[in-house]
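This briefing concerns the pairing of charged side chains. The structure is shown below.

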Amino acid sequence: MTLKRISLKNFKASDDTQVRIERLTVLAGLNGSGKSTILQALGLLRQSYDPDANSVGLLLSGSLVQLGLGKDVLNERAETDSFSISINEDGTDYVWQCSCRNLNKNQLEYIEKPKIS
């Protein structure tokens, strides 16, 4: 399996960002341009994944990333109270969408979660 693309919507500094992933991908740019945000999104998905549990949401603070609370990850210009992280792996899109209705929680409820076999 090969990761082909990651997309972020309303997540941290990202209004709507897509990054193609190649065999060698270099993230470069000015401070505040979203380089760390891409890596934090991947870490967030990994630390929230538990194949033996029916997880109800993304864990914002864990062993890989410490992102704070819902208010810390929702883009300040977001027009909704949710964000999404999508990845494309070998032509299949997987989308995690979370609600930030309760901005003071460190586990955010899924609105949409992919079924991964």
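In this predicted model, the side chains of E22 and R20 meet in a salt bridge, with an N to O distance of 2.9 Å. A search of the whole structure finds 5 salt bridges. Side chains of opposite charge can pair when their charged atoms come close.

**The E22 and R20 pair**
- E22 counts as partly exposed, because its relative accessibility of 43% falls between the limits of 20% and 50%.
- R20 has a relative accessible area of 62% and is therefore exposed, the cut-off being over 50%.

**The network of D15, E76 and R77**
- Salt bridges link D15, E76 and R77 in a network.
- Within this group, the side chains of R77 and E76 meet in a salt bridge at 3.6 Å, N to O.
- E76 is exposed, at 73% relative accessibility.

**The D81 and R101 pair**
- D81 forms a salt bridge with R101, and the closest N and O atoms are 3.4 Å apart.
- D81 lies in the loop between α2 (70–73) and β4 (82–89), while R101 lies in the loop between β5 (92–99) and β6 (107–112), so the pair ties together parts that are 20 residues apart in sequence.
- D81 is partly exposed, with a relative accessible area of 31%.
- R101 is exposed, its relative accessible area being 62%.

Technical notes:
Residues numbered from 1 in each chain as written. Predicted model: local features only at pLDDT ≥ 70, side-chain atom pairs only at ≥ 80, totals over all residues. Heavy atoms only, no water. Salt bridge = Lys/Arg side-chain N within 4 Å of Asp/Glu carboxyl O. Buried < 20%, exposed > 50% of the residue type's maximum accessible area, 1.4 Å probe, protein only. Helix = DSSP H or I, 4+ residues; strand = E, 2+ residues; numbered from the N terminus.
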